[in-house]
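These are my notebook entries on one structure. I record what I looked up, entry by entry.

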Amino acid sequence: MTPALIGFAVLLALCFAGFRVGFATLMVGFVGFAMSRGWEASLAMVGQQDFHDALNYNLSVIPLFILMGVFVYRSDVSGDLYDAAYAALGHLKGGLAQATVLACGGFSAVCGSTLATAATMSKVAMPQMKAFNYSDRLAAGTIAAGGTLGIMIPPSVPLVIYGIIAEQDIGQLFIAGILPGLLLVLLFMLAVAVMVRIDPKAAPMAAPLSAERRARARRGTIPVLTLFIVVLGGIYGGVFTATEASGIGAVGAAVIAFARGHLRSIASWRLCLVEATITTAKIFIVLFGAVVFSQFINLSGMPYDILFFVADAELSQTELVLFIIAIALVMGMVFESIGILVLLVPVFLPALVQSGVDMIWFGIIVVLVTEIGLITPPIGMNAFVVKSVLPDVRLADIFRGIVPFVFALVAGLAAVFMIPPIATLLVSTLR
Amino acid sequence: MSEEPGAGTGKADQGTGLAIVIRALELLGSVFLVAMMLLTFVDVIGRYLLNQPVFGANEMISALLALVIFSGLGIANARDDHIVVELMDHRIRQLAPRFYAVVIQSFSVLVMALIAFVLLELALEAWAQNTLTFVLEIPLAWIAGSVSVLAALSVVSQLMGIYLKARQASRRGN
């Protein structure tokens, strides 16, 4: 176990020092493996692992869902989604913030990127809330937190990566993410209601949406909702696999973007395709590093030492998962979701499987934990994204506005932890 | 944890040689990705509506995935557009900015060169053993070879990107 601990320490030091996460992980894994098996074996392992992953058919969901998200992002559908939510909830107290949560959920369901959702909604929802004198704290906090919904509501890249590492069915993971995603939307709306109740001045009543905007919102929202239903309904109904759904989703999103007047020049196609290609590469270099590193960790025997430790300490399933949640929460202060998944899951995988933990449920739990890291300091990426789009809003106000949503996320985590069917119910109807 | 600031802005692409390499990689990556999307779509439609899936679609999609990844890596490397933990790096950078940049970038180049090297070895091995893919019986050496060439190209683009940034920094210094 000592080599693995040294490996983790070196990796953390390199990451903190600013070395690129993917490259650092790969190098530590390569050197660590070579230390016990020799350089030749380590070179062969890196080649086999990375080439195997690069040619993994199941992983093609990543670029295709990313592409779907980029097409949706570029189709300017976010405004219509927001207006549709505004039409439904605008008459409530704090209705515009409620609408923001709903629109974030809807947009992230087809976009899949938390950062893109936060950035887009900053542009779409903030001017509306500002116009009705919403407080910066409530408005910006809602947007930053709402963006995190994308990580749970399928299609979600972190769930794909978890599925690959834990060898779980990606389609089942997507289906498992639906109810927790909806629960989080409800909890976020509850958080807004509580905030407005405590400070009614933070959210003055908004004027009703004009009939023209309502009609336009309806027209714009229907195709996106249809795409979401086709993609997830297809997986749920067993019509197609997650990989096939990603192809359908990408083509469907391209058609929607085209129908809305986008993707009508080579330049706009190029913009979307290059963006998706680069994002894919950035995710895969981290994955390549992770698979090499996990080979080193496996060779060191650490996962089995943990397995024996769990058996010796007679840790129950609950205690084991709580222990892992605690580690993931700490890691969430530094690492983004993919980093946490690739470093944490392989180490505990044998112990989790041996303890009989439902790995689909655990996937939802661990992704939920990484979601908390997206809005909590010191990193809290979503808060910084909102700040970069809205430079006039103070970062301190964004983080203060986020606090109620952190409680909502923790409540959601506790609910899924204590009531596993929230994650597994829909999956069990699949089986 | 985030992308490097300024990443993806394409500012590092101003050098002519690098601009050509990046444009070529962008074109390749885009073509591969569109092909992947259309192939997946046609395969699904063919399978479920016409009962006629595309023969060997999975293998072609897998190969296209590898090509998309390594085309994208060339662009990401040239712009140093990678995931970074931004917590203490700026403090360390302040101590000796140039030395810091040399160490970080050399490390990235070293790892990328390692990947290119092992992929090339894999391609040569597949060539020597005449390994074929299971369904379409395409020589694996072609796929591994193409991927290793793209990986090597991404090392070149990485080095060109570093050179360009260093030149721009020294001009600013002057």
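How much area is buried between chain B and chain A, and what percentage of it do carbon and sulfur atoms give? I found about 5500 Å², with 78% from carbon and sulfur atoms. Buried area is the accessible area (1.4 Å probe) that two parts lose on being put together, summed over both.

I noted the conventions next. The model is predicted, local features need pLDDT of at least 70, side-chain atom pairs count only at pLDDT 80 or more, and totals for chains, interfaces and linings use all residues. Residues are numbered from 1 along each chain as its sequence is written, chains are lettered from A and ligands numbered from 1 in the order in which they are written, and side-chain values use heavy atoms, with hydrogens and water left out.

Entry on the interface. I looked up which residues touch, where contact means heavy atoms within 4.5 Å. Chain A gives 59 residues and chain B gives 63. I then looked up polar contacts, that is, pairs of N or O atoms within 3.5 Å; within protein, one must be able to donate a hydrogen and the other to accept it, and residues adjacent in sequence count only if both atoms are side-chain atoms. Twelve residue pairs are in polar contact between chain B and chain A, both residues at pLDDT 80 or more.

Entry on salt bridges. A salt bridge needs a side-chain nitrogen of Lys or Arg within 4 Å of a carboxyl oxygen of Asp or Glu. B:Asp81 and A:Lys282 form a salt bridge at 3.1 Å, N to O. Another joins A:Arg213 to A:Asp83 at 2.8 Å, N to O. That pair links distant parts of the chain, 130 residues apart: A:Arg213 is in helix α11 (residues 211-236) and A:Asp83 in helix α5 (residues 78-89) of chain A. Helices (H or I, at least four residues) and strands (E, at least two) are DSSP runs, numbered from the N terminus.

Entry on the backbone. Most residues other than glycine have a negative phi, and most peptide bonds are trans. I therefore noted both of the following with that rule in mind. The peptide bond from A:Pro154 to A:Pro155 is cis, with omega near 0 degrees. A:Pro155 sits in the loop between α8 (136-147) and α9 (157-165) of chain A. I located A:Asp76 in the loop between α4 and α5 of chain A.
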